[in-house]
Amino acid sequence: MEDYKEELMKVVKNLPMQPGVYKYFNDEGKIIYIGKAKKLRNRVSSYFLKQATMNRKTKRLVTEIRKIEFIVVDTEYDALLLENNLIKKNQPKYNILLKDDKTYPYICVTKERFPRVFYTRNTEDKRHKYFGPYPSLRTMNALLDLFKQLYKIRNCTYNLSEYNVAAGKYSVCLEYHINNCLGPCEGKQKEEDYQQDINQVLQILKGNLSVPKEFFTQKMEEAVSALAFEEAQQWKQKLDLLTNYQSKSLVVSPTFRECEVYAIVTDDKFAYVNFIKIMNGGIMHSESNQLTKRMDESDSELLLYAIMDFRERYSTNSRKIYTNIDLSDVIDEDERMEFSIPKIGDGKKLIQLSFKNAMYYKRERETSRGEISDKKSSYQTLLQLKNDLQLKEVPVHIECFDNSNIQGSNPVSACVVFRDGRPAKKDYRHFHVKTVEGPNDFASMEEAVYRRYRRLLDEKQKLPQLVIIDGGKGQLSSAVEALERLGLYGKLPVIGIAKKLEEIFFPEDPIPLHLSKKSRSLQLVQRLRDEAHRFGITFHRNLRSKGSIHTKLEDIPGVGPNTIKKLLTHYKTLSNIKAASVDEVADLIGQSKAQKVKDGLA
């Protein structure tokens with residue numbers, strides 16, 4: 001190890017005091033870290049001379065360094081660009097990890113005679129021009145729809161070379177006949193006119209709407225001068241479309257010609273950065289991204305890395321850059337980038353908007369990670385349940401039954417459904433027990449189980465991987481009888497859970513299974529049982545409440561629920577109704593019903 005240190009220190013002592021990028025390699029020859037420096041020798045030597053003040057991760061990095069390489073550049077800004085490109089290419093394990101954006105679509109403008117405009121996720125063909133990426137498909141599709149309404153751009157893939165068109169190799173298609181294309185394949189449109197439209201498309205994609213707006217205005221005025229009012233109206237409609245599109249993105253003062261806005265929010269493991277591109281007073285692009293910390297990087301280091309990434313991907317080079325934190329500790333002033341933190345006015349509003357978007361993105365990512373974690377945890381519980389109960393497959397679909405009644409009154413059964421370890425409340429079912437008289441839990445359970453799976457079989461729906469019966473051997477045996485009648489016994493795993501000792505019973509097995517009280521699989525079974533009991537008892541209470549509320553008005557023939565509601569809302573009590581005269585009651589419900597009510601209450 002000491003030999004390595006000596007060799008490394010020799011390299012460090014000979015490093016130039018100039019801007020550049022350094023690369024650290026491990027003993028396998030892999031790049032493990034890439035950094036940039038204003039003065040290479042000072043920056044690299046700090047890793048070996050200031051270890052007492054280093055954090056744990058940086059110390060571990062230093063112990064793995066076996067080789068150092070460097071590249072000298074002219075300025076610190078050039079070092080920043082080179083560092084960004086090398087990190088993306090090599091993905092060193094100790095560098096900031098940027099969330100992958102390869103799935104985002106781009107708008108492509110092809111480099112060919114009569115160029116095409118379409119969206120793509122493949123940007124490998126460097127002959128063409130790509131604009132994006134677009135995190136929002138809605139934004140991208142809105143632009144493509146705008147182009148379709150403003151210009152007649154072909155969507156065919158023909159090779160429209162001069163020779164092919166002159167030879168009559170192609171003929172116009174349906175797009176020409178419905179006026180979406182002007183037929184360049186048959187030479188019906190001049191290349192100069194077509195290219196003029198494409199140039200305007202490129203200006204819109206770059207955020208410069210003034211060029212096409214001036215063109216449409218000029219054409220409209222020319223048509224008016226020539227008294228071609230119908231043509232002028234068509235140009236006006238295009239101008240209105242463009243103005244409408246611009247107005248939707250106009251959120252700041254038009255005095256903001258061109259600038260970029262960045263805001264960062266961080267936690268212990270991640271950084272969340274929002275980017276907003278302003279052109280001519282309107283938001284042209286907005287995107288948020290996530291960076292993973294690797295070396296306890298400062299917020300300013302993380303934000304600077306994100307800025308360079310966004311500028312490269314969006315091919316933007318605005319000089320004016322607004323941020324929510326100071327970057328002077330990581331980069332000096334450069335003629336190509338002017339950083340500022342606005343304190344008042346529209347600039348501050350933009351920073352607040354960007355910060356708000358970064359916060360929303362942070363919450364979204366945290367929720368997403370939480371859901372993924374919950375799903376993993378739920379699946380592990382289901383896998384444990386499968387092993388504990390010796391099931392053939394993981395029970396991702398579980399159903400649990402419970403009965404509820406008081407002295408046989410209003411007997412009901414409940415079935416709750418869990419999918420992936422979580423309640424699927426839309427699939428919960430109640431059963432009014434129809435064939436059982438008196439308090440008979442066993443017969444009620446048999447009826448509910450039979451009706452449930454008879455219905456699923458008739459509708460050809462998927463059956464659960466596990467059925468749980470709330471009760472001991474008696475309820476379980478009743479459920480088994482229902483499954484036997486349906487031909488499902490042996491095909492559909494079924495267990496019972498007894499409340500007192502939380503014992504798990506299997507059909508035809510007198511010895512119950514005792515799971516640990518801390519077992520996640522037992523806790524899931526208990527949760528299903530408790531949910532079925534809650535669902536059933538709530539329904540039962542509602543039925544009892546409905547049955548216990550009765551008024552003498554209901555016994556009067558010809559007096560319905562709406563009439564009773566009117567009377568009780570107005571008079572509150574039966575005594576008040578009795579005290580009122582027939583005429584007073586008739587003013588509320590009519591003479592005929594008023595007489596019936598007075599006679600019925602007499």
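This is a predicted model: local features need pLDDT of at least 70, side-chain atom pairs count only at pLDDT 80 or more; totals for chains, interfaces and linings use all residues.

Biologist: Great. How many helices and strands are there in the protein?
Modeller: The protein has 19 helices and 20 strands; these are DSSP runs numbered from the N terminus, with helices being H or I of at least four residues and strands E of at least two.

Biologist: And how much of the protein is made up of buried residues?
Modeller: Of the 602 residues, 46% are buried. Buried means under 20% relative accessible area, exposed means over 50%, and partly exposed is in between, using a 1.4 Å probe and protein chains only. Among contacts with a separation of 6 or more, 61% are between residues 24 or more positions apart, where contact means heavy atoms within 4.5 Å.

Biologist: Let's pick a helix. What does helix 4 reach from its first C-alpha to its last?
Modeller: Helix 4 covers residues 76-90, 15 residues in total, and reaches 21 Å, close to the 21 Å expected at 1.5 Å a residue. That expected span is 1.5 Å times one less than the number of residues.

Biologist: Which of its residues are buried, and what do they pack against?
Modeller: Glu-76, Tyr-77, Ala-79, Leu-80, Glu-83, Asn-84, Leu-86 and Ile-87 are buried in helix 4. The buried residues of helix 4 pack against strand 1 (20-25), strand 2 (31-37), strand 3 (67-72) and helix 11 (299-313). Just after helix 4, Gln-91 has a positive phi of about 50 degrees.

Biologist: Switching to charges: how many salt bridges does the structure hold?
Modeller: There are 27 salt bridges, each a side-chain nitrogen of Lys or Arg within 4 Å of a carboxyl oxygen of Asp or Glu. One of them joins Lys-67 and Glu-69 at 3.0 Å, N to O. Lys-67 is partly exposed at 41% relative accessible area, and Glu-69 is partly exposed at 27%. Lys-23, Lys-67 and Glu-69 are linked in a network of salt bridges.

Biologist: What about Lys-320 and Glu-338?
Modeller: Their side chains meet in a salt bridge at 3.0 Å, N to O. Lys-320 lies in strand 11 (residues 320-323) and Glu-338 in strand 12 (residues 338-340), so this pair ties together parts that are 18 residues apart in sequence.

Biologist: Where do Arg-454 and Asp-458 lie?
Modeller: Both lie in helix 13 (residues 441-458), 4 residues apart, about one turn of the helix. Arg-454 is partly exposed at 31%, while Asp-458 is exposed at 52% relative accessibility.

Biologist: Last topic: how many cavities of 30 Å³ or more are there?
Modeller: The structure holds 3 cavities of that kind. A cavity is a set of points on a 1 Å grid, over the protein atoms alone, where a 1.4 Å probe fits but cannot get out, and lining residues have an atom within 4 Å of a point. Grid points are joined across faces, edges and corners, and a volume is the space filled by probe spheres set on the points.

Biologist: And which residues are closest to the centre of the largest cavity?
Modeller: The largest cavity holds about 90 Å³ of space. Of its 13 lining residues, the closest to its centre are Arg-154, Cys-156, Cys-173, Cys-181 and Cys-185.

Key
Residues are numbered from 1 along each chain as its sequence is written. Side-chain values use heavy atoms; hydrogens and water are left out. On a 1 Å grid over the protein atoms alone, a cavity is a set of points where a 1.4 Å probe fits but cannot get out, and a pocket is an open set with protein on both sides within 12 Å along at least five of seven lines; lining residues have an atom within 4 Å of a point.
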